[in-house]
Amino acid sequence: MPSDGTALPRRSAAHTEAGTAFTELVLELFRVNGALVAAGDDMTRDLGMTAARWQVLGAIGSEPKTVAAAARQMGLTRQNVQRIADWLVESGIAEFVDNPNHRRAKLVALTKDGVALRRQLGRRQARWANATGGQFTTAELRATTGVLKRLKKALEKRS
């Protein structure tokens with residue numbers, strides 16, 4: 001049993017050693033995702049935001065883009081990003097603008113308030129990233145990032 005008290009998946013006759021290790025990784029990634037969402041919610045709560053709203057705000061960035069493009073960039077569903085983009089517009093953080101390349105697919109752009117909010121959140125994220133990242137070596141973080149990128153590519157090949 002790991003030090004965190006959770007049981008590891010048992011290696012079944014169908015799992016190889018690598019398959020069992022991969023299953024352990026997937027379960028840990030689910031836990032990490034939950035912790036990241038909770039941290040994002042904590043960092044943004046006083047501003048009326050959530051981690052999901054912040055993620056879409058960041059995806060919109062400094063250049064207007066379609067909801068579909070923002071969703072692709074972040075690996076989210078278009079419907080979920082549309083719902084959040086609508087909230088951002090209703091809140092005055094973003095606006096829908098005409099898209100010169102497509103009549104029906106509007107672009108989402110940040111308003112002045114949205115740009116200011118994005119900067120404020122960026123400063124908070126930098127402090128948090130510096131403190132959290134400082135608990136690891138740069139080499140550890142880069143190696144982990146490399147493995148996760150390879151994992152993402154392997155998962156994308158399945159379709």
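Analyst: Leucine 155 belongs to helix α6, which spans residues 138-157 (helices, H or I of at least four residues, and strands, E of at least two, are DSSP runs numbered from the N terminus). Leucine 155 is classed as partly exposed because its relative accessibility is 42% (buried is under 20% relative accessible area, exposed over 50%, partly exposed in between, with a 1.4 Å probe and protein chains only). The model is predicted, so local features need pLDDT of at least 70 and side-chain atom pairs pLDDT 80 or more, while totals for chains, interfaces and linings use all residues. Residues are numbered from 1 along each chain as its sequence is written, and side-chain values use heavy atoms, without hydrogens or water.

Leaving aside residues up to four places away in sequence, threonine 66 touches Asn99, Ala105, Lys106 and Leu107 (contact means heavy atoms within 4.5 Å).

The pairing of the strands comes next. β1 and strand β3, residues 102-110, run antiparallel and are joined by 2 bridges (strands pair if DSSP finds at least two bridges between them). Within β3, valine 108 is the residue that stands opposite lysine 65. β3 also pairs with strand β2, residues 94-99, in the antiparallel sense, and 5 bridges link the two. Here valine 97 has leucine 107 of β3 as its bridge partner. Leucine 107 is also among the residues that threonine 66 touches. A hairpin connects β2 to β3 through 2 residues.

After α2 comes glycine 61, which has a positive phi, near 65°.

Finally, one may turn to the loop between α4 and β2, where serine 91 is found. Serine 91 is partly exposed because its relative accessible area is 36%. From C-alpha to C-alpha, serine 91 and aspartate 113 are 9.7 Å apart in space, although 22 residues apart in sequence.
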